[in-house]
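Welcome, and take a moment to look the structure over before reading on.

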Amino acid sequence: MTEPQVGIMMLGMLVFLIMLGFPIAFTLIAMGVAFGYFAIGDIIFSLLVQRAYGVMSNDVLIAVPLFLFMGYMVERANILDRLFSSLQLAARGMPASLAVASLITCALFATATGIVGAVVTLMGLLALPAMLNAGYDKRLSSGVICAGGCLGILIPPSIMLILYGAMAGVSVVRLYAAALIPGLLLASLYILYVMGRAIINPKVAPKLSTEKLDVPLGQVYWGLLTSFVPLFVLIMSVLGAILFGLATPHEAAGIGALGAILLAAVYRQLTFARLREAVFLTARTSAMVCWLFVGSWIFSSVFSLLDGHSLIEHWISGLSLSPLQFLLLAQLMIFILGWPLEWTEIIIIFVPIFLPLLHMFGIDPLFFGVLVALNIQTSFLTPPMAMSAFYLKGIAPKGIELGDIFLGIMPFLLLVFVAMFILYMVPGIVFWLPGVLYG
């Protein structure tokens, strides 16, 4: 068996072991060390130690625990119910006002936390019963919560973009600028869809009762001032500091972490128990990310030593693909991988396989990264392993079946593909803001 064949066998065994449920980070390390020992002998152990130290001292990854801590503290500030109520009142005159308020709340909260499971669960507890009680279609309501909860993967400050930037050697600042407009585009498509559904068929999203519509403007403004404005200012302060070069991503993340603590204190939710829980969750998730990076580097390095990358490169070059065809093939493979795998596994294991091929087709890694971030949302929305659907099903009221949630997700999944098609047709959407800000 030749070395490239061993490399392909190594990749196949990795996917098989992950599907069996083995821990991803340690499976990567074990496979990398085992096959690395076959390729280069005892040197693999020194490389493992050096890479572990290199990951722990990576400046780019400093932002990950800080953004995670910011998200966990915002989640514990109990601002979500106030935010949803105020946006519900502000959007009361619009078609499908509860669904629109839910999507805006999801977008803001997902951006602040970046944790899909937390957003879907909390919004499922808060907004789903409100929509169902107002007579909304259960499929539409479920789809709104699941799709809206995934927006934080794409809209900055996104942890996924930090990981991609570290893997691809792309500036996280430019990635944030490039992903901002596509993220807002996708959120806008969601909002336009639910409003259009309500206009075409008012039964799926009935208008609010007269009592809820007859609310003084002063009450609406006060609700927005005490819920929407603080969270919006926190997000814009962090994002603005990054985009306008006032702070590096990890410095801005530090500002965000401090702002989240102050926000929790203002809402009288800052307790030692909540702070300790946020620190514990941050440490646990950060450790997972760091070991994923260690395992990914060892695995990809050994895979390259075995000429696995060159075999894939020769196979793809033999297909005589155009740049557009290569992009479509890569995105199709990522979409299929999203069925059994989580986004972290796709970014850490499989995206590095495509990165060396980008220069061959003249594709900007910035554009590719935004497409990947958009595509990876489908991993949470595609049955049968749509994790957002399972998050929602776990807390949904009786009468909401998993099949209803899957059917409700389908139109929003289609809108993700529409957004990707728009980016393919108008790539300037990705490059415009980085070009304006950084030339």
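Helix H18 (residues 365-376) is mostly covered, with 11 of its 12 residues buried, where buried means under 20% relative accessible area, exposed means over 50%, and partly exposed lies in between (1.4 Å probe, protein chains only). Helices here are DSSP runs of H or I with at least four residues, numbered from the N terminus. The buried residues of H18 include Leu 366, Phe 367, Phe 368, Gly 369 and Val 370. From first C-alpha to last, H18 reaches 16 Å, close to the 16 Å expected at 1.5 Å a residue; the expected span is 1.5 Å times one less than the number of residues.

Please keep in mind that this is a predicted model, in which local features need pLDDT of at least 70, side-chain atom pairs count only at pLDDT 80 or more, and totals for chains, interfaces and linings use all residues. Residues are numbered from 1 along each chain as its sequence is written, and side-chain values use heavy atoms, leaving out hydrogens and water.

Helix H8 (residues 138-149) is another mostly covered helix, with 10 of its 12 residues buried. Among them are Leu 140, Ser 141, Ser 142, Gly 143 and Val 144. The cover over these buried residues includes helix H6 (97-113), helix H7 (116-133), helix H10 (172-200), helix H19 (378-381), helix H20 (387-393) and helix H21 (402-425). The end C-alpha atoms of H8 lie 17 Å apart, which agrees with the 16 Å that its 12 residues should span at 1.5 Å a residue.

Now for two helix pairs. Their axes are lines fitted to C-alpha atoms over the stretch in contact, and angles run from 0 to 180 degrees between N-to-C directions.

| Helix pair | Packing angle | Axis separation |
|---|---|---|
| H4 (residues 63-75) and H13 (residues 249-266) | about 20 degrees | 8 Å |
| H9 (residues 159-168) and H18 | about 140 degrees | 11 Å |

How do H4 and H13 lie to each other? They are roughly parallel, while H9 and H18 are oblique. Angles under 35 degrees count as roughly parallel, over 145 as roughly antiparallel, 65 to 115 as roughly perpendicular and the rest as oblique.

H4 passes H13 in a left-handed crossing. On the H4 side the contact includes Ala 63, Leu 66 and Phe 67, and on the H13 side it includes Pro 249, His 250 and Ala 253; contact means heavy atoms within 4.5 Å.

The crossing of H9 and H18 is right-handed. Here Met 160, Leu 161 and Tyr 164 of H9 meet Pro 365, Phe 368, Gly 369, Val 372, Ala 373 and Ile 376 of H18. A crossing is left-handed if the near helix is turned anticlockwise from the far one by less than a right angle, and right-handed if clockwise.

Gln 331 sits in helix H16 (residues 323-337) and is buried, with a relative accessible area of 4%. Beyond its neighbours within four places in sequence, Gln 331 is in contact with Phe 368, Leu 371, Val 372, Asn 375, Met 420 and Tyr 424.

Gln 269 belongs to the loop between H13 and helix H14 (272-305). Is Gln 269 buried or exposed? Gln 269 is buried, at a relative accessible area of 16%.

Tyr 53, found in helix H3 (residues 43-56), is exposed, with a relative accessible area of 63%. Tyr 53 and Val 294 are 241 residues apart in sequence and 8.9 Å apart in space, C-alpha to C-alpha.

Definitions and conventions:
Helix = DSSP H or I, 4+ residues; strand = E, 2+ residues; numbered from the N terminus.
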